[in-house]
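Dear colleague,

Please find the structure below, together with its sequence. My notes on it follow.

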Amino acid sequence: MRHIALTFVGAFLLAACGSPEASPPAAPAPEAAMPDAKPAAKVERTDEEWRKILTPEQYRVLRQKGTERAFTGEYWETKTDGTYKCAGCGTTLFASDTKFDSGCGWPSFYAPVDGQKGTTIAEVRDSTHGMERVEVLCSKCGGHLGHVFDDGPAPTGLRYCINSASIKLEPKAPAAKDAPPAK
Ligand SMILES: [Zn+2]
């Protein structure tokens, strides 16, 4: 059952985000540097603990590599200033100033908060559903965030296609002076 559901969302994702011929890769995929194995998570919780602290949708996406339906998530068209944190462990992952309207129905960013080759986000090769993709995970808790594609805008040319369920927006405080950095 789960396999069928995932196949469906995989096909949906391909359809929504464009076929390979519609958006040719701008650069060769960094396959040589791409690990197949998930990196060790620094936040370890049991499955039972994750189920308790996450909503069912967050659990399905973050811990079971689910994908929310396009155009249904909380943040796909959000333009609010702020930072996006991991819904699993609170690590700041993305800033709103790198968010762009990709038209594909999921929140899209051209870079992680710590830059194109940042460390907050881990990348893993994902060959499931008959596609070669690069999965992105929170490097702290190992939560599944989405995938990164190389059809994004300047300056990186990357598109981090992220599930709303995996992230939490912390809106920027209005005109607060000497505000401490978001944590
Ligand atoms: Zn996390």
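Which residues touch the most other members of the largest nonpolar core? Among the 28 residues of that core, they are Leu93, Cys138, Tyr160, Ile162 and Ile167. A nonpolar core here is a set of buried Ala, Val, Leu, Ile, Met, Phe, Trp, Tyr and Cys residues joined through C-beta atoms within 7 Å. At least two residues of this core come from each of helix H3 (56-63) and strands S1 (82-86), S2 (92-95), S6 (133-138), S7 (144-149) and S8 (159-162).

Two remarks on the basis of these notes are in order. The model is predicted, so to speak of local features a pLDDT of at least 70 is needed, and side-chain atom pairs count only at pLDDT 80 or more, whereas totals for chains, interfaces and linings use all residues. Residue numbers start from 1 along each chain as its sequence is written.

Overall architecture. The protein chain contains three helices and nine strands, where helices (H or I, at least four residues) and strands (E, at least two) are DSSP runs numbered from the N terminus. Along the sequence the pattern is α-α-α-β-β-β-β-β-β-β-β-β. Of the 183 residues, 31% count as buried; a residue is buried if 20 or more other C-beta atoms lie within 10 Å of its own, exposed if 12 or fewer, and partly exposed in between, with C-beta atoms placed from the backbone. Among contacts between residues at least 6 apart in sequence, 61% join residues at least 24 apart; a contact requires C-beta atoms, placed from the backbone, within 7 Å.

The three-stranded sheet. S2, S1 and S9 form an open sheet in the order S2-S1-S9, with antiparallel pairing; two strands pair if DSSP finds at least two bridges between them. S2 and strand S9 (167-171) are the edge strands, each pairing on one side only. S1 and S2 are joined in the antiparallel sense by three bridges. Thr83 lies in S1, and its bridge partner in S2 is Ala95. Thr83 counts as buried because it has 20 C-beta neighbours inside 10 Å. Between Thr83 and Ser96 the C-alpha to C-alpha distance is 5.8 Å, at a sequence separation of 13 residues. Leu93 touches residues including Tyr84, Cys86, Val113, Cys138 and Ile167, leaving aside residues up to four places away in sequence.

The S5-S6 hairpin. Strand S5 (residues 121-126) and S6 pair in the antiparallel sense over six bridges, and Val124 has Glu135 in S6 as its bridge partner. Six residues separate the two strands of this hairpin, and His129 in the turn has a positive phi of about 60°.

Yours sincerely

Technical notes:
Contact = placed C-beta atoms within 7 Å.
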